[in-house]
Amino acid sequence: VTLDTHSKLDVAIDGADNVDPFFNLVKGGGGALLREKMVELAADKFIVIVDESKLCGGLGPTFPIPVEITPFCHEHTIRTIAALPSCEGCKAVLRMGSSSNNKVDGDEIAVTDNGNYIVDLHFTEAIKNVPKMAADLKALCGVVDHGLFCGMTTAVLCAGADGVTVTAPEKKNKAEKIVKNMAFLSAAVGLLAVSTMIIRKR
């Protein structure tokens, strides 16, 4: 089953590299940001599963923002990205080695599953306007897509020292009702347990 055969999904369940207080996400640390965004935009509900280490006060400093770009004139595109006012303060670094992480682990330029490159935007301070930056990046010629997921989250399930909490852009009690009424909750919690085990093993 793919989006080619089913363009409308009831729900998407996935993790995130960072979640800010406004439910903006950073995703794509593993290099699949375009495919992940296509799936999650096709879903009526998007449930995010993380542990508390992924929560942050502002996007930028704790995890680089990945941007997928075309190989053609990629150095020009990188300079253009870095010059955007909404990206002020970023250090744009072309991903090298494997596309599945943002660590330099090879001498060749990392290539995504779509045949593109990734530039990681490193910030020392929180991004001032995440939705503005997302829109500016998307509008830039040479950019395929980016790892900022804004206005897409239905609810966040977070594993912490006190157990699993549910939060959402709407009021918490309404968010809990939404999630409890979903037939997939048990599967989501099971996935959370597995994800937590994987994170702990890293």
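This is a predicted model: local features need pLDDT of at least 70, side-chain atom pairs count only at pLDDT 80 or more; totals for chains, interfaces and linings use all residues.

Reader: Which residue in β3 stands opposite Val19?

Author: Leu25 is the one opposite Val19.

Reader: And what's the strand order in the open sheet of three strands?

Author: The order is β2-β3-β9, with antiparallel pairing. β2 (18-19) and β9 are at the edges with a single partner strand each, so one side of each has no neighbour in the sheet.

Reader: OK, new topic. What's the order in the open sheet of four strands?

Author: That one goes β6-β7-β5-β8, and its pairing is antiparallel. β6 (91-94) and β8 (143-146) are the edge strands, each pairing on one side only. On average, neighbouring strands in this sheet are turned by 30 degrees against each other, ignoring direction.

Reader: How many bridges are there between β5 and β7?

Author: Five bridges, linking β5 (residues 65-69) to β7 (residues 117-122) in the antiparallel sense. Within that pairing, Ile65 has Leu121 of β7 as its bridge partner.

Reader: Which strands does helix α1 touch?

Author: α1 (residues 33-41) packs on the sheet and touches β5 and β8. The direction of α1 makes about 65 degrees with that of β8.

Reader: What about α3, which strands does that helix touch?

Author: α3 (residues 130-138) also packs on the sheet, touching β5, β7 and β8. Its direction makes about 155 degrees with that of β8.

Reader: Which residues of α3 are buried?

Author: Val130, Met133, Ala134, Asp136 and Leu137 are buried in α3. They're on the same side of α3 because they cover an arc of only 165 degrees around the axis.

Reader: Why would residues three or four places apart point the same way?

Author: An α-helix has 3.6 residues a turn, so residues at that spacing point the same way.

Reader: Switching to rings: how many aromatic pairs does the count come to?

Author: Zero aromatic pairs, by the rule used here.

Reader: Then what sits over the ring of Phe149?

Author: The charged end of Lys27 does, 5.7 Å from the ring centre. Lys37 lies over the face of Phe149 too, at 4.8 Å from the ring centre.

Terms used
Residues are numbered from 1 along each chain as its sequence is written. Side-chain values use heavy atoms; hydrogens and water are left out. Two strands pair if DSSP finds at least two bridges between them. Helices (H or I, at least four residues) and strands (E, at least two) are DSSP runs, numbered from the N terminus. Axes are lines fitted to C-alpha atoms, for helices over the stretch in contact, and angles run from 0 to 180 degrees between N-to-C directions. Contact means heavy atoms within 4.5 Å. Rings of Phe, Tyr and Trp (its six-membered ring) pair if their centres lie within 6.5 Å; planes under 30 degrees apart count as stacked, over 60 as edge-to-face and the rest as tilted. A charge sits over a ring if NZ of Lys or CZ of Arg is within 6 Å of the ring centre and within 35 degrees of the ring normal. Buried means under 20% relative accessible area, exposed over 50%, partly exposed in between (1.4 Å probe, protein chains only). The arc is that of the directions from the helix axis to the C-beta atoms.
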